[in-house]
Each structure stands twice: as C-alpha cells, then as structure tokens.
Amino acid sequence: MSTRNVIPTEDEVRKAAIELKKGNPASGVAKVHSFLLDANPSWTVSEKRVRKILQSEGLVRSDAGTPTNTIQPSFRLNQSLDVNQWTSKVEVKYFDAIKGKGLIAKEKIAKGDIIWKEDPFILAPEWEIYDLQQASEACSFCSSIIRDHSPLHISCEASTTATPCTARYCNRLCRLQGEKTHLLLCSARNSASMSLLAFARDAQWMALHALAQCTSRLLLASQQDTATFDLDWEVVQGLAELGMEERAQCLREQGLEPDRENWRTAFELYLQAFKEPQTPAEQKKLARVLKKPIPKELQKFTFEYQAFLRGLGRMSLNLEAHGGLYKLHSHLNHSCTPNVSIRHLDKRTALSRITVIAKEDFEIGQELLITYTNPQSSFRDRRRRLSEWGFGLCQCERCVTEEKVWKESDNNTLEADDLADQLKAGLGVL
C-alpha cells in the first residue's frame, strides 16, 4: 500500500497537470486531480492546487467564474410587450449584447411598495402542487388549493367515465385561462401527452414539464387567429436562451457530463405527445385538437431535436422558483443582493400570481434585481452556479467585496491544504 508523503514542487505538479488535462480535455478539475494522484501515488496534492495551476494556464474556469470560452445566454426584445398592463413604475431597457435586457424604475419607488402583480404565461408548479392538481385538489390554472366543494368549481368539460380527466378549476375565469394550454395536455382530448407528463413527474424535471406547457400554448395559439399566435410567439421568442448543449460545455469543466440518453427519451415522448402519437386512436384525438396546419416556423422551433434542447434551456433560465413563467418577471436580472422580492401572497385565490415588492428605495433609472442563486451560499458557490448558465462573472458589490477577502485569505492556504492532506493520508482518511 502506497503512502502519500511527498509534496511535489510547483513545476512538477504544473507539468503533470497540464499533460493530463491536454490528454483528457473533457475532464474537469476533480477528474484531473484524481488522474494526477493515480499517476503519482506518493504525492500529496490538493485539488485546490491543481485548480489554480490549470486556471493560470487558461485550461479551466477561474474560481471567480470567468469562463475560458465565452458561452452566454442570447437575448431578444419583445417589441409587442406592453409593460403598462402590469405597472407604470418600470420600463424595459436594453443594456448591451452581454447583459441583454432588464427592468429599470421609471419613477421613484419607496421601500415596501408593490411594484406589480402578474399571473403566469404558463405554469409547471412544484411537484407537491402538481400532485394535488392530478388529484383534483388544486386549480389546474392558478394552482390554488380547492379541496372543499363549491358550485364555482368546474371540472374539465371533456372528462367522461370512459376517458376521465382530473383537471379542475376555481371558477370559469380560471378554466378560460387554463384552456390556453390544457387541451393538448388533457388525458381525455390528447392521451398521447400522458407519457411525457409522467416521465417529467418521475424525473422531477420541471423544465420538461414547463416546455410541455409552453409548447401546448403555442400550438393551440396557432389554431386561433394570427394576432393571438403572434402575441404568444413574441413572448417565447423574447425569452433568454441557452441550450442544453451549451450548458453542458459550462458544466464539463466541473467534471460533470450531461445525461443525453434522458434527453433523447424525453424528446421521443415529446414528439409522441404533440406530433406523432403512436396509436391510430391517439392520432385521431390529436388531429381533432390541431385542425389547422402548424406554421413552418413553429414546427422548426418546436420539433427539431436541437430546438427541443434550446427549449429546455429556455425554460430553465426563465422559470420563477415555484415553476411559473412570467412575461415581465422574466426580464429581471441578477444580483447577489437583490433589491426586489417575489412573493406569492394570493394563496387562497391565485397561488401562482406573483407580487413584486421593493426591498429598498429606488431612484429613476435604477435597475430592479432579483437573485438567481441561494443568497446564503458562499461567494464561490454563487459564482459557480451562475457560470453553469453562462452568466459569467458576477460583479455585484457583494461579490467584489467577498472576492477580495477570498483572494487575500486563499493565497496563504495552499501550503496548509497540502500539509493537511499529508496529515490525513498518514491517518488513512484521505
């Protein structure tokens, strides 16, 4: 049994790490570190030391989140978006090609003010709520709990004893809004979609569920008048986008590989749900819902595999934490010290409705910001999470301050880390 009791020189580690990285370009720092120890069984080398060497050679991301390859979400302005339908207090601003768009204050806003309220464009709720919807105990549109029976509650009109559907709504307004997505996700009208929804539920894949909801809305809008379709089409086209393959490049440097087999399985079920049902009976049901030809641009946007992967990334980037996709909310940019909070205050009447509240006083032109990460996480964890989606180096005041402290403290810890590893090795716990 080998004993790790040698601390190699910087040049020795550098030469070995670079050779291993170049021979295994898809491997992240953890993998290279493992290869290094396997090749040199007497060495004591910390993963942090290997990371710093590879960073200095430009072979991996820096701990601060600076990418070696520029991969970032793409942005597009929704020219038809009427912000005034929600609030007169903010407006959309295009910053630049890197940052994209955001929301800024049009007037002074006081701390604690409600800036706007918004219902979702589509909703893929948390799985506890989804299960209640499947049990007819939560509204299929707004997700409010409706366990008690009321004459206002309405079941899916297509549901029969032979072909039941569990969808249930708070009231007629919710049913009317819910019909924008439900028809193609209804077990009675389009049973071919059930396998896709079951797969998303089993995998707890919120982005896949959201993409199913969004696809259903677009396909159903294409069966309406041109104006209806154009409005929904502009909303989805205007969402920030980073495809799953692009995201995989961001993750690969951390030693993580995507589950492409799951992607393919999901895509096959997706096609069965919305384009190519397996049985003649399911094909007839889908044809009864989608009577008009699907526009060619929508087919290309929807049914090609790479478009599907971009759609998954689009959902993941823009969903609110509880599974809603919101037209105006999706414009909010990130800060590790957010100045607005997103609340679900209408729990009894519209659980999915968000309320955006100012956490501080705003001056005219000041940007509204939320957090994309857990604000309680460490500086390095927050930047790593952001880098996974191509957001690059967060330069908020908090990150800049914490980075300075981290750099000052980290320069003195490399040797201590290696000595600690040597001690652990001697104790047999490394």
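Analyst: Here is a walk through the cavities and their linings.

This is a predicted model, where local features need pLDDT of at least 70, side-chain atom pairs count only at pLDDT 80 or more, and totals for chains, interfaces and linings use all residues. Residues are numbered from 1 along each chain as its sequence is written, and side-chain values use heavy atoms, with hydrogens and water left out.

Start with the term. A cavity is a set of points, on a 1 Å grid over the protein atoms alone, where a 1.4 Å probe fits but cannot get out; lining residues have an atom within 4 Å of a point. Grid points are joined across faces, edges and corners, and a volume is the space filled by probe spheres set on the points.

Two cavities reach 30 Å³ or more. The largest cavity holds about 80 Å³. Its lining includes Leu211, Cys214, Tyr270, Phe301, Phe308 and Arg314. Helix H7 (206–221), helix H12 (296–303) and helix H13 (305–318) each give at least two residues to that lining. Helices here are DSSP runs (H or I, at least four residues), numbered from the N terminus. By class, the lining of the largest cavity has eight nonpolar, three polar and one charged residues. Ala, Val, Leu, Ile, Met, Phe, Trp, Tyr, Cys and Pro count as nonpolar, Asp, Glu, Lys and Arg as charged, and the others, Gly among them, as polar.

Now the second largest cavity. About 40 Å³ of space lies there. Among its lining residues are Asn78, Leu81, Lys101, Lys327 and His331. The lining of the second largest cavity splits into three nonpolar, four polar and two charged residues.

Notes: On a 1 Å grid over the protein atoms alone, a cavity is a set of points where a 1.4 Å probe fits but cannot get out, and a pocket is an open set with protein on both sides within 12 Å along at least five of seven lines; lining residues have an atom within 4 Å of a point.
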